[in-house]
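Below are some questions about how the labels on this model were assigned. Each answer sets a value against its cut-off.

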Amino acid sequence: MPLEKRAHRRRSSKSALDLPPPFRLVTLREVGDAFAHAMRVAAQEGAGTLLHVGRFDVAEFAVVLEPEEPLRTARRAVYAGLVAVADALAVRAPPERPINFDWPDAIFVDGALVGGGRLGCPQGADEDAPPDWLVFAAVIRTVSIGSEEPGMRPLSSALEEEGFNDLGSGRLVESFARHFMAVLDAWQAHGFEEVGKSYLARLPPASGVRRDLAEDGDLLLRRMDATERRSLVDALAQPAWLDPSTGGPRL
């Protein structure tokens with residue numbers, strides 16, 4: 001799952017963010033929607049385009065990919081993106097602040113929701129052919145805006161509340177880009193298995209259940225008497241962590 005072709009022909013634009021090649025930054029105004037905008041321009045802008053919204057309260061960004069494998073397996077890029085976000089958070093996390101996922105796409109810090117990821121592809125794309133593009137996007141709440149005191153919303157939080165005092169939106173995006181390149185390189189060199197292990201390791205423990213990822217990204221829950229399969233396509237259709245009214249994580 002490399003950042004393919006056109007990304008390597010583009011020169012990175014000068015910007016306030018320090019991004020590694022082959023990323024090319026597009027900065028949106030505060031009212032922008034990185035995921036929606038990336039979906040609109042992906043075909044024209046090409047792989048490696050990274051869109052960043054200049055919001056104060058969240059880190060919101062999206063990146064365009066051009067996978068070489070069929071959509072049914074390339075969709076696992078959502079796991080690669082989430083691993084990269086978690087790795088970027090982990091290097092700045094205060095002690096005793098575990099970073100976990102709720103399958104498939106929600107991100108938690110110390111048990112509280114801070115954000116999540118999304119994946120988009122061209123409408124009507126053939127499951128058995130490489131899609132023209134994919135978009136991975138993420139939104140992470142950096143600062144809580146409102147009158148509530150920290151701790152009044154135990155099921156949700158923000159990086160500032162969790163002690164990430166020096167990790168602003170731009171710095172998180174820079175760190176994500178570097179970790180994402182490392183994750184994609186590992187996928188390219190060794191196959192998806194290592195990426196999948198990194199993702200599964202951040203799911204909360206579940207007694208009596210062994211969890212695996214199928215080739216198409218579905219979650220397999222293996223118990224002694226049966227195996228349950230959960231569809232990644234269905235789960236990604238409506239991200240449970242996303243508040244449609246705000247474009248940010250649910251409270």
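Q: How does the span of helix H2 (residues 34–45) set against that of a straight helix of 12 residues?
A: H2 spans only 14 Å between its end C-alpha atoms, whereas a straight helix of 12 residues would span 16 Å at 1.5 Å a residue. The expected span is 1.5 Å times one less than the number of residues. Helices are DSSP runs of H or I, at least four residues, and strands runs of E, at least two, numbered from the N terminus. The model is predicted: local features need pLDDT of at least 70, side-chain atom pairs 80 or more, while totals for chains, interfaces and linings use all residues. Residues are numbered from 1 along each chain, and side-chain values use heavy atoms, without hydrogens and water.

Q: Why is the pair of Phe136 and Phe176 called stacked?
A: Rings of Phe, Tyr and Trp (its six-membered ring) pair if their centres lie within 6.5 Å, and planes under 30 degrees apart count as stacked, over 60 as edge-to-face and the rest as tilted. The centres of Phe136 and Phe176 are 6.0 Å apart and the planes are at 20°, so the pair is stacked.

Q: What makes Phe176 buried or exposed?
A: Buried means under 20% relative accessible area, exposed over 50%, partly exposed in between (1.4 Å probe, protein chains only). Phe176 has a relative accessible area of 0%, so Phe176 is buried.

Q: How do you know that Arg76 lies over the face of Phe192?
A: A charge sits over a ring if NZ of Lys or CZ of Arg is within 6 Å of the ring centre and within 35 degrees of the ring normal. Arg76 lies over the face of Phe192, at 4.4 Å from the ring centre.
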